[in-house]
Amino acid sequence: MKTVQSDNRIFSAVVMGVSAGGLHALISILSKLPEEYSLPLIIVQHRGKDHKDLLEDVLQTKCRLKIKQADEKEKIEAGYVYTAPSNYHLLIEQDKTFSLTSDIYVKHSRPSIDLLFTTAAEVYKELLVGIILTGASSDGAEGILEIKRSGGFTLAQDPQTAEYAYMPQASINTGAIDLIGTLEEITSYLISIHERRQRNNFDH
Amino acid sequence: MDFSSAPNTFQYSQEELRSFLDAIKFMYGYDFTDYAEASVKRRIMNFMNVHKIPSLQDLSRILLKDETVFETFIQELSVTVTEMFRDPTFYKSLRENVMVRLATYPIIKIWIAGCATGEEVYSIAILLKEEGLLERSIIYATDINQKSIQIAKEGLYGVDNMKAYTANYNNAGGKHSLSEYYISKYNSVMFDKSLKQNIVFSPHNLTVDKSFNEFQLIVCRNVLIYFNQQLQNKVINLFHDSLCSFGFLALGSKESLLFTDKKSSFEDVDRKERIFMKIK
């Protein structure tokens with residue numbers, strides 16, 4: 001795994017962007033996270049307009065964490081995996097609540113990974129982790145850049161191991177990815193920042 | 001690589017944004033102070049990027065001096081997009097659960113608040129026509145955005161979207177073929193004049209304007225999501241005041257009455273599709 005020196009930051013939230021090939025990748029990661037996972041995970045998975053709750057239903061059968069479609073004005077809490085509803089953009093407000101909008105498509109997508117990442121970066125700044133997984137779109141690359149500019153930490157799935165290489169590659173091409181890894185390595189990273197956070201809570 | 005500076009984005013604080021919006025409200029009466037901030041901020045930043053305005057102070061100065069730029073700015077800040085028969089299951093429910101009861105009124109008054117560019121207005125007009133109610137209906141279609149109202153009034157849409165709209169229409173339980181309601185010309189389609197007969201298009205600003213009639217049905221979809229809770233509450237109260245007893249309120253699929261003080265004044269008609277009836 002190509003890696004930068006990991007620091008001892010206690011992160012506050014994780015955002016993930018995923019498109020084609022996403023269901024398998026999400027199950028692979030989320031199914032291995034413990035129920036008491038201490039950071040909220042917020043996900044944009046590009047999806048069709050039909051079968052509005054199918055993604056959540058499938059993920060929930062495989063995960064111990066609670067999977068929940070984000071509601072507008074909802075307070076973001078640890079212990080949840082939030083997903084962007086189909087046909088809405090998902091944004092994060094300064095008070096750490098969600099906003100939904102029905103604005104025009106960004107890079108042919110609604111929900112847009114770029115929009116979630118950019119607004120999350122403005123709120124969580126250096127305490128945000130951004131992850132780009134498999135996909136056949138360039139959505140997310142600009143968001144990754146914004147997370148990096150705000151001091152956050154960025155990961156991309158290794159394009160060679162991704163079902164669709166285009167999206168992680170587009171993010172890597174920005175030069176703003178800190179860590180490139182397989183789904184297993186990304187999972188280990190997510191567990192490590194959770195454990196660090198728990199140790200920190202224990203110490204204080 | 002140094003990522004600390006962003007060449008094309010302009011950052012400003014929450015306080016700066018708020019005092020900027022206060023100034024707009026004071027000078028022009030357009031009140032965006034109770035809008036959800038993340039999206040207002042993005043729209044302002046997009047405007048600044050496109051017009052190459054380096055700071056919020058500069059934007060302030062330009063807007064207060066130049067009313068035409070201000071008009072463009074307001075249009076861009078308040079524009080919303082929609083589609084025909086968005087959420088087909090909603091329209092199906094409206095047809096099955098609401099139209100039957102509307103049929104008992106001699107004159108049916110409907111307010112479509114935040115009608116954007118009108119796709120939803122024509123969708124509802126088609127529904128009313130198929131249920132034999134259009135003749136005795138009056139639809140008031142309003143939006144804060146004058147440019148959108150103009151587009152809605154013309155009823156002229158790009159042909160590219162019609163395939164998706166047709167699928168939506170069919171899934172919504174359409175009784176005919178959507179193409180019966182429009183004529184195609186070059187790359188546009190024009191909706192039939194008969195649909196427009198009983199539609200009144202007019203500007204209305206939900207944040208500051210009052211109720212203007214009493215309605216049997218109010219449709220306001222994907223508008224409240226742009227407002228903070230306080231403004232959502234105010235607007236729901238406005239709708240409550242504007243509905244007759246047992247009148248219907250239809251919201252967007254992710255909107256609710258949960259955070260408003262009128263939630264016990266409404267009963268679910270279709271919980272999933274967010275259709276409510278005023279009970280007191």
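**View 1. Strands S1 and S7 of chain B pair side by side in a predicted model.** Strand S1 (residues 108-113) and strand S7 (residues 215-220) of chain B pair in the parallel sense, over 3 bridges; two strands count as paired if DSSP finds at least two bridges between them. Within this pairing, the bridge partner of Ile112(B) in S7(B) is Val219(B). The model is predicted, so that local features need pLDDT of at least 70 and side-chain atom pairs count only at pLDDT 80 or more, while totals for chains, interfaces and linings use all residues. Residues are numbered from 1 along each chain as its sequence is written, chains are lettered from A and ligands numbered from 1 in the order in which they are written, and side-chain values use heavy atoms, with hydrogens and water left out.

**View 2. An open sheet of chain B is built from 7 strands.** The strands follow the order S6-S2-S1-S7-S8-S10-S9, with mixed pairing; strands (E, at least two residues) and helices (H or I, at least four) are DSSP runs, numbered from the N terminus. Strand S6 (199-203) and strand S9 (266-270) of chain B are the edge strands, each pairing on one side only. On average, neighbouring strands of this sheet are turned by 20° against each other, direction ignored. Helix H7 (residues 146-154) of chain B lies across strand S2 (137-143) and S6 of chain B, and runs at about 165° to S6(B); for such angles, axes are lines fitted to C-alpha atoms, for helices over the stretch in contact, and the values run from 0 to 180 degrees between N-to-C directions.

**View 3. His240(B) sits in helix H10 (residues 229-242) of chain B.** Because its relative accessibility is 10%, His240(B) counts as buried, where buried means under 20% relative accessible area, exposed over 50%, and partly exposed in between (1.4 Å probe, protein chains only). Not counting residues up to four places away in sequence, His240(B) touches Lys262(B), Ser265(B), Phe266(B), Lys278(B) and Lys280(B), with contact meaning heavy atoms within 4.5 Å.

**View 4. Ile183(B) belongs to strand S4 (residues 182-185) of chain B.** With a relative accessible area of 59%, Ile183(B) is exposed. The residues that Ile183(B) touches, leaving aside those up to four places away in sequence, are Ser188(B), Val189(B) and Met190(B). Ile183(B) and Ser39(B) are 144 residues apart in sequence, and their C-alpha atoms are 36 Å apart in space.

**View 5. In chain A, 7 strands form an open sheet with parallel pairing.** The order of the strands is S3-S4-S2-S1-S7-S8-S9. Strand S3 (66-69) and strand S9 (179-181) of chain A stand at the edges with a single partner strand each, so one side of each is left without a neighbour in the sheet. Strand S7 (residues 128-132) and strand S8 (residues 153-157) of chain A pair in the parallel sense over 4 bridges, and Gly130(A) stands opposite Thr154(A) in S8(A).

**View 6. Helix H1 (residues 22-30) of chain A lies across strands S1 (13-18), S2 (41-45) and S4 (80-83) of chain A.** H1(A) runs at about 165° to S2(A), and this helix is mostly covered, with 7 of its 9 residues buried. Among the buried residues of H1(A) are Ala25(A), Leu26(A) and Ile27(A), and the cover over the buried residues includes S1, S2, helix H2 (54-62), S4 and H6 of chain A.
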